[in-house]
Amino acid sequence: MNLKYTSPRVFFPKSINEALEMNRSESDAVFWAGGTHLSRYSENTTVINLPKNVISLGMVEELAHASRSEHSLEIGSMMSLDRLAAIGRSTLPAGLHDSIIRIGSRPMRCRATIGGHLAVKDRIGDLKPLLQLLETTVETRSLKERHSRRKALSFTRKFPIALLEEKPGLEKGELICRISIPTESWDYGTFKKVIPTEDKERFFIFTALARVEKEVLTDLRMAFSDGYTGVLRDRDVEVGMAGRPLRLNTKELESLDDAVDIITAPWDKRDYEKETAKKLVRSFMNHINR
Ligand SMILES: Cc1cc2nc3c(=O)[nH]c(=O)nc-3n(C[C@H](O)[C@H](O)[C@H](O)COP(=O)(O)OP(=O)(O)OC[C@H]3O[C@@H](n4cnc5c(N)ncnc54)[C@H](O)[C@@H]3O)c2cc1C
C-alpha cells in the first residue's frame with residue numbers, strides 16, 4: 001500500500017527559550033503538549049495526520065514544575081490533567097477535582113495537559129468556567145521581532161484566564177507557561193456537566209462557588225457553558241446576591257430564575273438546557289440554605 005505520508009519534523013527543546021526560538025524559526029510549527037487534541041481527528045485513520053513541524057514540550061522541565069504558595073497553586077502548563085487531579089479533592093479548590101475527572105477517560109487525562117486544555121481554540125474546555133470563577137491567571141511567554149535589533153525580544157504576559165476567550169486571545173507563537181489558581185477557601189462549590197442526549201457533543205456545564213458567614217450569603221459566583229459559545233456569567237447578579245440573609249425567600253429565588261434566563265439567553269431555543277440550568281441553580285441554593 002502506498003500511503004502519501006511525510007513524517008513530521010519533531011523538535012525537542014529543553015527550555016522555554018529554545019521552544020520559543022524554534023517556533024520563531026519554523027513559522028508553521030505547532031507546540032505539542034499531550035497531543036490528544038492534535039491527534040484527535042486521526043483516531044480512526046491508518047496514519048496519524050500530524051502537522052509538518054512539531055515542537056514537543058515534553059522535555060522542557062520548567063513547564064513541568066508545580067508548587068503551592070500561601071494563596072495559590074502554581075502549575076506548569078505541562079502538568080497532565082491526571083496529575084492535577086492527583087493533588088487531591090481536599091487540596092484543590094472546591095469543585096475542581098470533580099470537573100477534572102469528568103474529562104474523557106483516565107488514559108486520555110494521563111496525556112492531556114492543563115496548558116493544552118486551555119490553549120485549544122475550537123472548544124471551551126470543561127475546566128475554564130470554574131477556573132474563571134476562581135480568578136485563575138495564566139502566564140505566557142513569546143518572542144517579538146524588533147526591526148532595529150537582530151535578536152527578538154522576550155515578552156511575558158500575565159492575564160486572567162477569561163481573556164483567552166476574547167480577541168486576540170492567545171497569539172501565534174505565544175506559549176502558556178504557568179497557571180496560577182488562587183486557593184482562597186469557599187464554603188460551597190459545585191460542578192455539574194449535563195449531557196441531555198446520546199450526542200456527547202451536546203452538553204452544558206453549571207458551576208458555582210459560595211461563601212456563607214453567620215447565615216448570610218457573602219459571596220456567590222456562577223457560570224454556565226455549552227462548551228462552544230462562551231462562558232456565560234453576570235457579575236452584577238453575583239454582586240446583587242452578596243449580603244442576602246439565608247434562607248432566600250420565594251421572591252428572591254424567582255428573581256434568580258429570571259436572572260439565569262437572561263444569562264443563558266444565548267442558548268436560544270435550547271429550552272431543556274435553560275430549564276435545567278434554573279433547576280441546578282435552585283438545587284445549589286437549597287444546598288446552601290440548609
Ligand atoms: C477522547 C477525548 C475526549 C475528550 N473529552 C473532553 C471532555 O470531556 N471535556 C473537555 O473539556 N475536553 C475534552 N477533550 C479535549 C481535551 O481536554 C484536550 O484534547 C486536551 O486537554 C488538550 O491537551 P493536550 O496537552 O493533549 O494538548 P495538545 O493536543 O498537545 O495541544 C492542543 C493545542 O494547544 C496548543 N498548545 C499545547 N500546549 C500549549 C502551551 N503550553 N502553550 C500554547 N499552546 C499550547 C497546541 O499547539 C494545540 O493547538 C477530549 C479529548 C479527547 C481526545
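# A conversation about a predicted model

Reader: Which residues does Val 281 touch?

Author: Not counting residues up to four places away in sequence, Val 281 touches Met 222, Leu 256 and Val 260. Contact here requires C-beta atoms, placed from the backbone, within 7 Å of each other.

Reader: And how are residues numbered, and what sort of model is this?

Author: Numbering starts from 1 along each chain as its sequence is written. The model is predicted: local features need pLDDT of at least 70, side-chain atom pairs count only at pLDDT 80 or more, and totals for chains, interfaces and linings use all residues.

Reader: Which residues have the most contacts inside the largest nonpolar core?

Author: They are Ile 55, Leu 57, Ile 75, Ile 114, Leu 130, Phe 224 and Val 281, in a core of 62 residues. A nonpolar core is a set of buried Ala, Val, Leu, Ile, Met, Phe, Trp, Tyr and Cys residues joined through C-beta atoms within 7 Å. A residue is buried if 20 or more other C-beta atoms lie within 10 Å of its own, exposed if 12 or fewer, and partly exposed in between.

Reader: What gives the most to this core?

Author: Strand 10 (residues 204-213) does, with six residues. Strands (E, at least two residues) and helices (H or I, at least four) are DSSP runs, numbered from the N terminus.

Reader: New topic: which residues come nearest to the ligand?

Author: Ala 33, Gly 34, Gly 115, Gly 116 and His 117 do, out of 26 residues around the ligand. A residue counts as near if its C-beta atom, placed from the backbone, lies within 6 Å of the molecule or strand in question.

Reader: Which element gives the largest share of that shell?

Author: Helix 5 does, with four residues.

Reader: Why does the ligand shell lie between two domains?

Author: Domain 1 (9-56) and domain 2 (61-182) both give residues to the shell, so it lies between them. There is also a domain 3 (188-289). These bounds come from an automatic or database domain assignment.

Reader: How far apart are the centres of domain 2 and domain 3?

Author: Taken over C-alpha atoms, 25 Å separate the two centres. The contact takes 15 residues from domain 2 and 15 residues from domain 3.

Reader: Finally, which residues are buried in helix 1?

Author: In helix 1 (residues 16-25), Ala 19, Leu 20 and Asn 23 are buried. Seen down the helix axis, the buried residues fall within an arc of 95 degrees, so they line one face of helix 1. That arc is taken from the directions from the helix axis to the C-beta atoms.

Methods. Two residues are in contact if their C-beta atoms, placed from the backbone, lie within 7 Å.
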